[in-house]
Amino acid sequence: MKVAFFSSKAYDRQSFTEVNVNYNHELKFFEALLDSETATLAAGFPVVCMFVNDIANAATLEVLAKQGTRLLALRSAGFNTVDLKRADELGIKVVHVPAYSPYAVAELAVGLILMLNRKLHRAYNRVRDGNFTLDGLLGFDLHGCTVGIIGTGKIGMVFARIMEGFGCSLLAFDPFPNDKFESIGDNARYTTLPELLSSSDIISLHCPLVPATHYIINPDTIEKMKPGVMLINTSRGGLIDTEAAIEGIKSHQIGSLGIDVYEEEEALFFQDWSDSIIQDDTFQLLQSFSNVVITAHQGFFTSNALESIANTTLGNITDFEQGRLLENEVKYKPCN
Ligand code: NAI
């Protein structure tokens with residue numbers, strides 16, 4: 001099928017072109033971010049392939065539907081930028097990649113924890129600068145810490161197992177508990193969100209961004225956390241009220257923050273702004289703190305994950321082409 005790729009980067013072109021040898025779709029790569037204006041590029045393409053910051057709101061979907069697009073193939077797990085209700089009304093099917101490598105994201109979350117705890121970002125620069133002092137680099141043993149996990153799906157479970165390996169106690173909150181979680185170890189148990197917040201030394205977010213989880217980290221929940229808590233978000237920016245996090249850092253309630261996602265990331269991430277003046281004051285303030293580490297949505301970015309994403313996405317498109325059941329369809333549910 002003819003597939004219009006939006007927000008494509010060199011690594012997308014490489015992984016999809018290599019894997020497409022087994023699928024034979026006709027791929028056209030556009031660098032533009034998908035929105036209601038750039039949607040016109042997809043005229044004549046029955047399939048549009050989009051990534052995390054492409055915007056498939058009602059206006060975009062209406063343009064795509066008018067031009068004949070019938071399938072929106074997300075090459076991501078999250079689908080929070082798609083207006084599923086409007087897609088359903090317009091007869092556009094939506095498919096996604098529910099799992100590719102939960103290890104990729106969980107391991108990045110652990111990387112952020114190690115970096116923040118042992119101040120590796122500061123230590124690296126110091127040694128390169130000929131400064132071999134240790135003041136300000138004091139960390140703590142992860143062994144014996146309590147780690148709070150919000151969301152125990154595929155990524156949360158991998159993360160939980162790794163942290164158990166460090167000798168941490170695990171507390172989890174998930175409205176749909178996973179019966180394998182508590183068997184990870186003697187020190188793994190489900191609890192309420194308030195208890196998780198007040199008892200955890202480290203809190204890591206692994207839930208999707210849906211109305212119920214938007215700003216799950218807000219002034220009220222931050223106040224309930226242990227003073228000096230480490231907060232990690234590799235899921236979606238909208239889970240954290242960034243202004244509230246900044247206040248939490250300034251008051252020392254949040255001891256350190258590691259984020260791979262940011263609520264206004266569409267305007268910044270996946271692009272090179274190194275020759276420009278970044279206009280997002282909130283982002284600039286956030287990254288000025290030495291106890292904050294920000295990565296630019298690279299949790300998914302391992303070779304294993306890219307190959308798996310390409311295989312599932314192209315397989316989803318073949319299923320659609322051949323009228324098969326869409327195993328990875330994201331259906332509109334009126335309660336969403
Ligand atoms: P999953 O669907 O396997 O697990 C999500 C879990 O969150 C489920 O167990 C669900 O019951 C739980 N949940 C739902 N509502 C909740 C709530 N209100 N409070 C607590 N838990 C709740 O998803 P998976 O694959 O583990 O991915 C988690 C998130 O990671 C995705 O939604 C996506 O936003 C993010 N992600 C980030 C990537 C990156 O590159 N940084 C790459 C891939 C995913």
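Select K85 and E89 in helix α3 (residues 84–90): the two lie 4 residues apart, and are therefore separated by about one helical turn. Helices here are DSSP runs of H or I with at least four residues, strands are runs of E with at least two, and both are numbered from the N terminus. This is a predicted model, in which local features need pLDDT of at least 70 and side-chain atom pairs count only at pLDDT 80 or more, whereas totals for chains, interfaces and linings use all residues. Residues are numbered from 1 along each chain as its sequence is written, and side-chain values use heavy atoms, with hydrogens and water left out.

**Salt bridges**

With the side chains of K85 and E89 displayed, the closest N and O atoms are 3.1 Å apart, and the pair forms a salt bridge. The term denotes a side-chain nitrogen of Lys or Arg within 4 Å of a carboxyl oxygen of Asp or Glu. K85 is partly exposed at a relative accessible area of 42%, and E89 is partly exposed at 46%. For these classes, buried means under 20% relative accessible area, exposed means over 50%, and partly exposed lies in between (1.4 Å probe, protein chains only).

Proceed to R189 and E195, which form a salt bridge with the closest N and O atoms 2.9 Å apart. E195 has a relative accessibility of 26% and counts as partly exposed; R189, at 39%, is likewise partly exposed.

Next, select helix α8 (residues 219–224), where D220 and K224 lie 4 residues apart, about one turn of the helix. Their side chains meet in a salt bridge of 3.1 Å, N to O. D220 is partly exposed at 44%, and K224 is partly exposed at 38%. How many salt bridges does the rule give by its count? The count comes to 10.

**The two domains**

Colour the protein by domain: domain 1 comprises 2–100 + 302–321, and domain 2 comprises 102–294. These bounds come from an automatic or database domain assignment. Taken over C-alpha atoms, the centres of domain 1 and domain 2 are separated by 30 Å.

Select the interface next. Here 12 residues of domain 1 are in contact with 10 residues of domain 2, contact being defined as heavy atoms within 4.5 Å. The two domains bury about 950 Å² between them, with 60% of it on carbon and sulfur atoms. Buried area is the accessible area (1.4 Å probe) that two parts lose on being put together, summed over both.

Which classes of residue make up the side of domain 1 that touches domain 2? That side has 7 nonpolar, 4 polar and 1 charged residues. In this classification Ala, Val, Leu, Ile, Met, Phe, Trp, Tyr, Cys and Pro count as nonpolar, Asp, Glu, Lys and Arg as charged, and the others, Gly among them, as polar.

Across the interface of domain 1 and domain 2 the rule finds 0 salt bridges, but it finds 3 residue pairs in polar contact, both residues at pLDDT 80 or more. A polar contact is a pair of N or O atoms within 3.5 Å; within protein, one must be able to donate a hydrogen and the other to accept it, and residues adjacent in sequence count only if both atoms are side-chain atoms.

Select N233 in strand β10 (residues 229–233). Is N233 buried or exposed? At 1% relative accessibility, N233 counts as buried. Its side chain reaches the backbone oxygen of R236 at 3.0 Å. Not counting residues up to four places away in sequence, N233 touches L205, L239, I240, G258, I259, D260 and V261.

Continue to helix α9 (residues 242–250), whose buried residues are T242, A244, A245, I246, G248 and I249. The elements covering these buried residues include α8, β11 (254–259), α10 (281–288) and β12 (292–294). At the N-terminal end, D241 caps α9, with a side-chain oxygen 3.2 Å from the backbone nitrogen of E243. Just after α9, H252 takes a positive phi of about 70°.

**L34**

Finally, select L34 in the loop between β2 (26–29) and β3 (47–50). L34 is buried, with a relative accessible area of 0%. Leaving aside neighbours within four places in sequence, L34 is in contact with F6, S7, A39, V48, M50, D54, I55, T60 and L64.
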